[in-house]
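I opened this model to look up its sheets, its pockets and a few single residues. These entries keep the order in which I looked.

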Amino acid sequence: MPLKMYIGEAWIDKSEKIEVRNPYDGSVIDTVPKADADDVEMTLATAVRGAAAMREVTAYERAQILFRLADFILRDAEELARTISMEEGKALTEARTEVTRAAEIVQLSGEEAKRLYGETIPLDASPGTRNKMGFTMRVPCGVVVAICPFNFPLHLVVHKLGPALAGGNAVIVKPASDTPLSALKVTQLALEAGVPPAAVQCITGSGRNVGEALCADPRVRKISFTGSRDVGEAITRAAGIKKVTMELGSNSPLIVMEDADLDRVAELAAMTGYANAGQVCISTQRVLVAANVHDAFVDLVQEKAGATRVGDPLDEGTGMGPMVRESDAQRVVEWIDEAVQGGARLVAGGRRERAMVTPAVLADVPRESRLMREELFGPAIAIGAFSDIDEAIHMANDTQYGLSAGIFTRNIEWAMAFVNRVDAGNLHVNWGPQWRADLMPYGGLKESGYGKEGPRYAVEEMTDSKMVVIHL
């Protein structure tokens, strides 16, 4: 039975549909409604009522709702994991991890619902302020729009939905058109957990017809977006005067110094480069290796890439599934071919069958190659050499992006030079750039965006501060 979208306090169907396809075999696994302008207006009007309703829900009650939602996610974990695998192409083992992390995010959000602290302000520290008392208080923004990408169709939905509800807001979820099923299922669970019916909505449709209209409307007070740099820029232009969090693209570098354990680095480079077929904003894309260990490292990564089993994501033994769309797989192969034509060596993988691309390793990749400068979002690792730590840091920073970066070294001076001088919002010493604990502040520098996710930090950005002065 086709899924409906949840707007206007009801499950709504439409005659015009969006097909949701399994990336592995191209089969249609479900359809969802394609929203129009009238649906957007209904959604916004309902969200205004929902924001008013949420203001009457106490912090304790919000926490209990979110704790129940976390329990329901774990209760339905296997169904949710299979949904993620079927609509996004993620290996089932990775999808199961996504579900457990989603439950943790919601649990953390429930805890943060109880921590909307203000502070007293010592007004008498200023002259002429005798008999004045001041304090701040945090209040909900009102209506939050959560625009979510395809690559973590549950995890990144709840990274927005959980903190929005914890802060006492109404939330409108706009999932990616490729992967709307997980968002719709978690909306069902949120209602079951006791979220007021007008306070959560999930509207399905294109970014152009739905997303832009939501972002431009003045009734929306907060936008949380995860996606590409270009779409993020368009949203900021449309948004006007409202709060915005942007988690945009990257081409994350990993620096490998000559004292690193190369076998361990090769293992982690493959793990952090090929997870979810490289469709992770902090995937290891560029590996910058000390020249005197470059060739040995290339051989090790080639071996690890060849050992990655590619196939049906629902097969328990699959290590990497397909990309979400065949057109994306074609793009990845085009970038690989372009790099090879520019002088790079393809030493492993890079073969395409429909939406599947075998894990690729490229050596001697020119610095001007798109693989070294732009976001690939696919299963390929580009390797280049450097002479010393200064050159490595220069290469790492030679990009418009700055989301995440890693270094492997036992030398504390090299590690601290990396920490102090590499321009990225997330820095990892002796790990790849693809690592995130869901409670940490997560966000980028430069054109990788601004604002932070992680429930504590997202709740801060989804609430406003009021200053109160009592004149005694």
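**Conventions.** I am working from a predicted model, in which local features need pLDDT of at least 70 and side-chain atom pairs count only at pLDDT 80 or more, while totals for chains, interfaces and linings use all residues. Residues are numbered from 1 along each chain as its sequence is written, and side-chain values use heavy atoms, with hydrogens and water left out.

**Seven-stranded sheet.** I started with the open sheet of seven strands, whose order is S14-S17-S18-S13-S12-S20-S21 and whose pairing is mixed. For the element names I rely on DSSP runs numbered from the N terminus, helices being H or I of at least four residues and strands E of at least two; two strands pair if DSSP finds at least two bridges between them. At the edges I find strand S14 (345-348) and strand S21 (426-429), each of which pairs on one side only. From one strand to the next the twist averages 20 degrees.

I then followed individual pairs. S14 and S17 run antiparallel and are joined by three bridges, with arginine 345 having alanine 363 in S17 as its bridge partner. S17 and S18 run parallel, again with three bridges, and here valine 361 is partnered by isoleucine 381 in S18. Strand S12 (residues 253-256) runs parallel to strand S20 (residues 404-408) and is joined to it by three bridges, isoleucine 255 standing opposite isoleucine 407 in S20.

Which helices pack on this sheet? Helix H9 (residues 262-274) touches S12, strand S17 (360-363), strand S18 (380-386) and S20, contact meaning heavy atoms within 4.5 Å. The direction of H9 makes about 140 degrees with that of S18; axes are lines fitted to C-alpha atoms, for helices over the stretch in contact, and angles run from 0 to 180 degrees between N-to-C directions. Helix H14 (residues 412-421) also packs on the sheet, touching S12, S20 and S21, and its direction makes about 170 degrees with that of S21.

I checked the cover of S17 as well: Ala360 and Leu362 on one side and Val361 and Ala363 on the other are all buried, where buried means under 20% relative accessible area, exposed over 50% and partly exposed in between (1.4 Å probe, protein chains only).

**Strand S7.** Are the residues of S7 buried or exposed? Five of the five residues of strand S7 (residues 143-147) are buried: Val143, Val145 and Ile147 point one way, and Val144 and Ala146 the other way. S7 runs parallel to strand S8 (residues 170-174), to which five bridges join it, and valine 144 has valine 171 in S8 as its bridge partner.

**Three-stranded sheet.** This open sheet has the order S5-S6-S24 with antiparallel pairing, and its edge strands are strand S5 (120-121) and strand S24 (463-471). Strand S6 (residues 132-140) and S24 pair over nine bridges, and glycine 134 stands opposite valine 469 in S24.

**Pockets.** I take a pocket as defined on a 1 Å grid over the protein atoms alone: an open set of points where a 1.4 Å probe fits, with protein on both sides within 12 Å along at least five of seven lines, its lining residues having an atom within 4 Å of a point. The largest pocket has a volume of about 1100 Å³, volume being the space filled by probe spheres set on the points, which are joined across faces, edges and corners. Its lining has 41 residues, of which Phe225, Thr226, Gly227, Ser228 and Val231 lie nearest the centre. H8 gives the most to this lining, with six residues.

The second largest pocket holds about 490 Å³ of space and is lined by 22 residues, with Arg101, Phe152, Ala275, Val280 and Gln434 nearest its centre. H4 supplies the largest share of that lining, four residues; helix H5 (155-166) and H9 are among the elements that give two or more.

**Threonine 58.** Why does threonine 58 count as partly exposed? Threonine 58 counts so because its relative accessibility is 40%. I place threonine 58 in the loop between helix H1 (37-54) and helix H2 (59-75). The C-alpha atoms of threonine 58 and glycine 168 are separated by 8.3 Å, although these residues are 110 residues apart along the chain.
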